[in-house]
Amino acid sequence: MSKLYTFLKYFFITFWTVFVVAPFLWAVSTSFKDFQSVNSKVTYIPWLDFEPTLEGWRVLIKSPAKGGVDIVEPYFNSIFVTCTASLISIVLGTLAAYALSRFTFKAGFVRNNDITFFFISQRIMPPIVLSIPFFIFLSTIGLLDSLLGLVVVYIVLLMPIAVWIMVDFFNRVPKELDETALIDGCNPYQAFYKVVLPNSIPGLIVAGMFCIIFGWIDFFFAFILTFTEVQLLPVKVVALNSSITPWWSLSASALVSVAPLIIVAFIVERYLSKGNLSGALK
Amino acid sequence: MAKIDLSNISHTYNPLDPKPTYALNPFSMTWENGKRYAILGPSGCGKTTMLNIVSGLVRPSKGEILFDETPVTDLKTEDRNIAQVFQFPVIYNTMTVYDNLAFPLRCREFTKEKIEERVKAVSDTLNLSSFLNSPARKLTADQKQLISLGRGLVREDVAAVLMDEPLTVIDPDLKFRLRRNLKEINEQYKTTLVYVTHDQNEAMTFAENIIVMDQGEIVQVGLPKDLFEKPKTTFVGYFIGSPAMNIFHSTVSSDHEVKINDTTIKTNSNLGNLKDKNVKLGIRSEFIELAEKEKSNTVKIKLTRVEDFGNFKLLTGKMGDLVIKSKVEREKPIPDGELNLYFPPEKCCVYSDEKLV
């Protein structure tokens, strides 16, 4: 029985690993192929099955004038917009979440939970509903097709995530912790940044991870709110496609696009596996 | 270290309500410098609210708080120089044990030497010296509570150390030792200690003065002996002592006598103006004696149960439909069936409208 269990366990782990890793390996292999290797017959192993070439990768850094699709600038644009918007969202979202967790707000029938729901309701709406207001808003203030405009829009999109995660996190940090800090001699601001915030680092990391992921993968708003001046990576990658699908350069761009998220996942995983995500101190 | 005056304090958590319910009804009290107090009462009686008012976490709806005659009602918690320990350990997870203990001193900008000296002294008292460099989050629950306690004791000049059932998570043996340590600290440094608990044994063994509370009301303040022998209300009689005080419905028959089920009991209370009124007679099971034969102030009971508690026996008997409990020495032979119990008049308390006559 236990042998069967061990066998099934390893079987499913192996199956799942293959399921997850195979597309990556396929992309890695394809990125080094050329038209011939992709379209003639099924090939897997470089040098043995096909002659590897860097053409798929070169296209990504070649300027359009030389027949390439330069993704270097969009790449850094994406990093800038995602990081800036995530950082601002985390700072503002954490402050808002702390207030929503620790103080009682009343305005008519509106209570703390309603305010939290109002934040998250921004994400419940289909993006298309927001696209026209955003377009008009950005064009009115002259920020259409600019990095700053995208940062503003992304803050609106990412802050609800930060607020939502952090409210839940702060709710699990007992209020006695703040009270103890006050008794020990901190003023409310010191209690927040000397005691509550260091205790909330795991929450901040999780919120940061979600902000970065959602910021990085957004295609819709980047596509609608930019034209020629500024382009983000997802839009540029789509621009790679043509009548003959360039699998090699698409694979290469998929790999470079996913690389930052893999790095983030590795960093976050260290914190998640430490098991100190729980806010309760008891 | 300070004398703490609570003057006409009352508190409600819903002040805007047309008919607010009070968590604390108006009261005045003085906590003398360097004494040990225990606040005793069932859950939800307002004990924690009272502590939070003193520490400044809650602003009282009415009344004034004075530390050494200086009003502090409007002073913020951080400016009151008070220490408070909560029921469950509250530690700064990201810091080491040393940094946890040093935190209150660092916040108040003590010198490094002074911090080191105080942390060492406190960690020695609480057996935490060998953990000083460990991350606080890695300690066990009772060690964490010792850190909370240590942060309360690390400042020598605090007005008072307020403790809200601090030993709940600590095992009985260590609990006993810690209570003794707290007493020693109080005697050595003359720190005012206020200890909230619902465990009467804890209160009785720890405090010089006990404040008994019920439903937002202070029902009695006194020495453990007074609370035990002369409870001012039937509530205190029920709440203090194990088993609870025997309390019987009775009628006043003469200036010093009451009748329970036709049996006349003499008391030392003056009942002149309560003639023929319904009152309650209370007597501790510890004070009821076994009588060999029927005499004055004895009641005849039918024994229903004998429980052996190791150091004493608890007899439960019935007189009509009244249940009487009596604690007797373990060695004493207990006759079967009916027996006579003697109520010493000086130990009988008479209650009219639940208050001691």
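Student: In chain B, what share of the contacts with a separation of 6 or more comes from residues 24 or more positions apart?

Tutor: This is a predicted model, where local features need pLDDT of at least 70 and side-chain atom pairs count only at pLDDT 80 or more, while totals for chains, interfaces and linings use all residues. Residues are numbered from 1 along each chain as its sequence is written, and chains are lettered from A and ligands numbered from 1 in the order in which they are written. Two residues are in contact if their C-beta atoms, placed from the backbone, lie within 7 Å. For chain B, that share is 65%.

Student: Which residue takes a positive phi in the hairpin of strand 9 and strand 10 of chain B?

Tutor: Strands here are DSSP E runs of at least two residues, numbered from the N terminus, and two of them pair if DSSP finds at least two bridges between them. Strand 9 (residues 209-214) and strand 10 (residues 217-222) of chain B run antiparallel, with five bridges. Two residues sit between these strands, and the one with a positive phi near 50° is Gln215(B).

Student: And which residue in strand 10 of chain B is the bridge partner of Ile210(B)?

Tutor: Look across to strand 10 of chain B: the partner is Gly222(B).

Student: How many residues does the largest nonpolar core have?

Tutor: A nonpolar core is a set of buried Ala, Val, Leu, Ile, Met, Phe, Trp, Tyr and Cys residues joined through C-beta atoms within 7 Å; buried means 20 or more other C-beta atoms within 10 Å of a residue's own. Ala162(A), Ala160(B) and Val194(B) have the most contacts inside the largest core, and its size is 126 residues.

Definitions and conventions: Helices (H or I, at least four residues) and strands (E, at least two) are DSSP runs, numbered from the N terminus. A residue is buried if 20 or more other C-beta atoms lie within 10 Å of its own, exposed if 12 or fewer, and partly exposed in between; C-beta atoms are placed from the backbone.
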